[in-house]
Each structure stands twice: as C-alpha cells, then as structure tokens.
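Please find below a colleague's note on the structure shown here.

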Amino acid sequence: MRWTPGGVSGDIEDRRDSTGGGGFGGGGIPFGIGGLLVLLVLSFIFKRDLISPFLNSGSPGAGTVSRPEDPARKAAESREVQFVSFVLDDVQSDWDKLIPNYHHAHLVLFRDQVNSPCGQAGMATGPFYCPGDEKVYLDLGFFDELRSRFGASGEFAQAYVIAHEIGHHVQKILGIERTVRTEQQRNRGAANQLSVLLELQADCFAGVWGNSTERRNLIDQSDIASAINAAAAVGDDRLQKQATGRVMPDKFTHGTSAERVQWFKTGLNSGSIKACNTFSSGP
C-alpha cells in the first residue's frame, strides 16, 4: 500500500499508557471484527452463556489506572501508529465526500485492556466500534494476531480492519445501527442473522473506501488480495472450525468467509453505498 509516514491524526486518542479498571458501562453493543465470536465459541465449549453478562452488565466502570511509560515500545510502534493515522484520516476523508452530515469517529489506541461505554475489553476482543461514544478501539497487538493467527499479512489487510470499524460508524450516522438494534429486540429469533447483515454491510463499506484507494493508485492487486484474505480469515465458519472443529451456522454473528469476501468485493467493485444493501433479502 502506498502511503507516506507523517504524524499522528487528530482523531487518535492514545491510551497505551493507561489500563482499564473493572466493571462495565452502558452505551450499546460493541462491534468487533471477531470478539463476540470468541465469546460465542467459549459459551459453546463451556455450555454457559458468556455473552449476556458482557453485553448487559450495567455496573459502573472503575476508571483507568496509569502504567509506567514504555518509550522503547512506543518508538517501535511509531510507524504502525502513523499508518493507522493515515488510514483513519483517508477513510474518513472519503466518507466526508460521500455523506453530507458525516462527522468523524475517534480511534482509541490501547494496550491489553480498555474501558468504553460498551464495556471493558481486551486485545482478545479484537478491534471494535462502540456506538455509545462513537469511537473505534484498537490494540496494535491485534495486527500481530492478524498475521500469525489468521494468516492475513500486508498493510491493506490492516487497513481493511480499520475501514470495517469505521463502516459501523457510518451505519450509526445513517440510522442503520439504531434500526437493526430495535428490530433485534423485537425479533430475537432473527438477532444473529441481523448481526451478520450489519457486519457484512460494514465489510461492503470498507470495500467502498477500497475502491477510492484503487482509483487513486494507493493499492495494487497484491494489496487487494491481502484484504480479501483478511476478510476470509475472520469468517464465522473458519473461526469456529479452528476453535471447535465444527461449524455452527446458528451461532454466526459476522458471516461466513465467502460472504465477507463477497460483500467486500461488492463495495470494492462498485464504490457505491447503494450497492451495500445487505438487508435486501434479510429478515
């Protein structure tokens, strides 16, 4: 991916020298690349509902605690921070042009664990968007996981993850997130399917930005292949098979590898928001 290092975005909040306290807050369900799936798989293994306490707990958070600064680690992560800044600014600049009332999300960098209005989360949750404060939360260590655990290398694979989470911010601005959450409460039997359609649309929105980068010659076919590989790597069916040896379609929350690739490509090839109506055949 063609980009030039150059400072830190004004939409970045750096909390890497803080650690989240205990407890959860209100503010809605966090949207994550794969975090909720991890909880679903663990619930299946241990035959306990580990999802509801995470999503529904209303106890107040205990704030944050400062940790000793680690200048050497920050220096080592400097290029990654600048890359995240470039992608964040570029994605949001694109949405500035596409949506008249678009306003920027912030991206919080954290290490190990963090508090948000959606609750306390750690690196294992994966990057997520919290509609309660309109912020994306990212532990840079996830990029190592993306390479080593998911086999998705390349900078555009990382960019796809960020663009996907900003896609959830777009959904909130357009009122899609609120409509889906209301319908999930009304029709609980379709809650998982609606979650899948919401995630696939965020994949498509990431592809819409990808179309823009391709037209500006910021990416080539190898970059596109790395993003497609990342989309496939975090499909529900693939993650479930890795974790349990079996696939459980009724537990899907993000979509299969094939679906995620399909909708990313739809956005990439069309460059159009209108092409991203994943709900056209849904409940």
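1. Cys204 and Cys276 form a disulfide, with 2.0 Å between their sulfur atoms. This is a predicted model, and the values in this note are to be read accordingly. The torsion about the S-S bond of Cys204 and Cys276 is about -75 degrees, so this disulfide is left-handed. The bond links distant parts of the chain: Cys204 belongs to helix H8, Cys276 lies in the segment after H11, and 72 residues separate them. Both cysteines, Cys204 and Cys276, are buried.

2. Ala275 also has its place in the segment after H11. Leaving aside residues up to four places away in sequence, Ala275 touches Cys204, Trp263, Thr266 and Ser270. Ala275 and Phe205 are 70 residues apart in sequence, while their C-alpha atoms are 9.3 Å apart in space.

3. The structure holds 2 disulfides. In the one formed by Cys118 and Cys130, the sulfur atoms are 2.2 Å apart. The torsion about the S-S bond of Cys118 and Cys130 is about 95 degrees, so this disulfide is right-handed. Cys118 sits in the loop between strand S6 (113–116) and strand S7 (119–122), and Cys130 in strand S8 (residues 128–130); the two are 12 residues apart, and the pair is classed as linking distant parts of the chain. Cys118 and Cys130 are buried. With the bonded cysteines of the chain numbered in sequence order, the pairing reads 1-2, 3-4.

4. Not counting residues up to four places away in sequence, Leu107 touches Asp11, Ile12, Glu13, Val84, Leu88, Val136, Leu138 and Ile162.

5. The packing of two helices may also be noted. H9 and H11 pack at an angle of about 145 degrees, and their axes are 7 Å apart. H9 passes H11 in a right-handed crossing. On the H9 side, Ile224, Ala227, Ile228, Ala231 and Ala232 take part; they meet Ser257, Arg260, Val261, Phe264, Lys265 and Leu268 in H11.

6. Some totals for the chain follow. Its secondary structure comes to 11 helices and 9 strands. Of the 283 residues in the chain, 54% are buried. Among contacts with a separation of 6 or more, 78% are between residues 24 or more positions apart. The chain exposes about 12,000 Å², of which carbon and sulfur atoms supply 52%.

Key. Residues numbered from 1 in each chain as written. Predicted model: local features only at pLDDT ≥ 70, side-chain atom pairs only at ≥ 80, totals over all residues. Heavy atoms only, no water. Contact = heavy atoms within 4.5 Å. Helix = DSSP H or I, 4+ residues; strand = E, 2+ residues; numbered from the N terminus. Buried < 20%, exposed > 50% of the residue type's maximum accessible area, 1.4 Å probe, protein only. Areas by Shrake-Rupley, 256 points an atom, 1.4 Å probe, with all protein chains shown as cover. Disulfide = S-S within 2.5 Å. Axes fitted to C-alpha atoms, helices over the stretch in contact; angles between N-to-C directions. Left-handed = near helix turned anticlockwise from the far one by under 90°.
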